[in-house]
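Let's take a short walk through this structure.

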Amino acid sequence: MSLSSPSLTIDSAAESDNGNYTCIAINSLGITESLTISLTVLGESPIVSVNKENYTVNAGSSALLQCDIQSNMPYNHIYWERNINGTTTMLLPGMIGISGVTTEDPFLRIDEVDLSMAGEYSCYAVNKVGTGHSYPVVLIVTPTDNATDSPDYPDESNSDRISVILSVTLGVCFTVFIAIMIVCFRKQLLNKLGRRHKYSVEKIEIDRLSQKTT
């Protein structure tokens, strides 16, 4: 409002702006007043707030972001916005993996949070006058530490490798044992055949000498 532009503009009028307004102009000759105008604000944009600035949750679990709305006029639409590294996504009722986001239940529930969902979340409410929104709540997602949450079980892959090594070792040992047994058996067999051959030769010589003496 200035001398060149004396009109009064009220941004985001609220019920507290209700009252009578009079325009007054003053110069060196005196003061002049306009007719009084009565302003009645029928409603204002919803006042939206969240109960936390930061919300930390483990990956894989659910997250519940509360939203409180105050409005002297019925609000007919609720939605949330998610901002991740400058990319904004509107979250609407009925989307897969979320619940709430309605005029009856304005909260946002994410059924299963993953690391990619970390970011800023804002709640919006709309009525006939305009749209109100909360300040962002920061969702922090921490990775799940499987080493501390679960018992220390042996590594199945190492167990499989050990089983294979043992099986191969036992197989090699068995093969070597069989080979040694075969060699020993053949050696014993050759010794027996050699003794039998020597005995046959000696017997033939003895028979031959006996025939000569007779």
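A disulfide is a pair of cysteine sulfur atoms within 2.5 Å. A search of the whole structure turns up one: Cys-67 is joined to Cys-123, S to S 2.1 Å. The torsion about their S-S bond is about -85 degrees, so this disulfide is left-handed. It links distant parts of the chain, 56 residues apart: Cys-67 sits in the loop between strand 7 (63-65) and strand 8 (68-70), and Cys-123 in strand 13. (Strands are DSSP runs of E, at least two residues, and helices are runs of H or I, at least four, numbered from the N terminus.)

This is a predicted model, where local features need pLDDT of at least 70 and side-chain atom pairs count only at pLDDT 80 or more, while totals for chains, interfaces and linings use all residues. Residues are numbered from 1 along each chain as its sequence is written, and side-chain values use heavy atoms, leaving out hydrogens and water.

How covered are the cysteines? Buried means under 20% relative accessible area, exposed over 50%, and partly exposed in between (1.4 Å probe, protein chains only).

| Residue | Relative accessibility | Class |
|---|---|---|
| Cys-67 | 10% | buried |
| Cys-123 | 0% | buried |
| Cys-23 | 42% | partly exposed |
| Cys-173 | 46% | partly exposed |

Strand 13 (residues 119-127) also holds Asn-127, which counts as buried at 5% relative accessibility. Its contacts (heavy atoms within 4.5 Å) include Glu-44, Pro-46 and Tyr-75.

Over in helix 2 (residues 156-213) you'll find Val-176, which is partly exposed at 42% relative accessibility.

Note on methods
Lists of a residue's contacts leave out its neighbours within four places in sequence.
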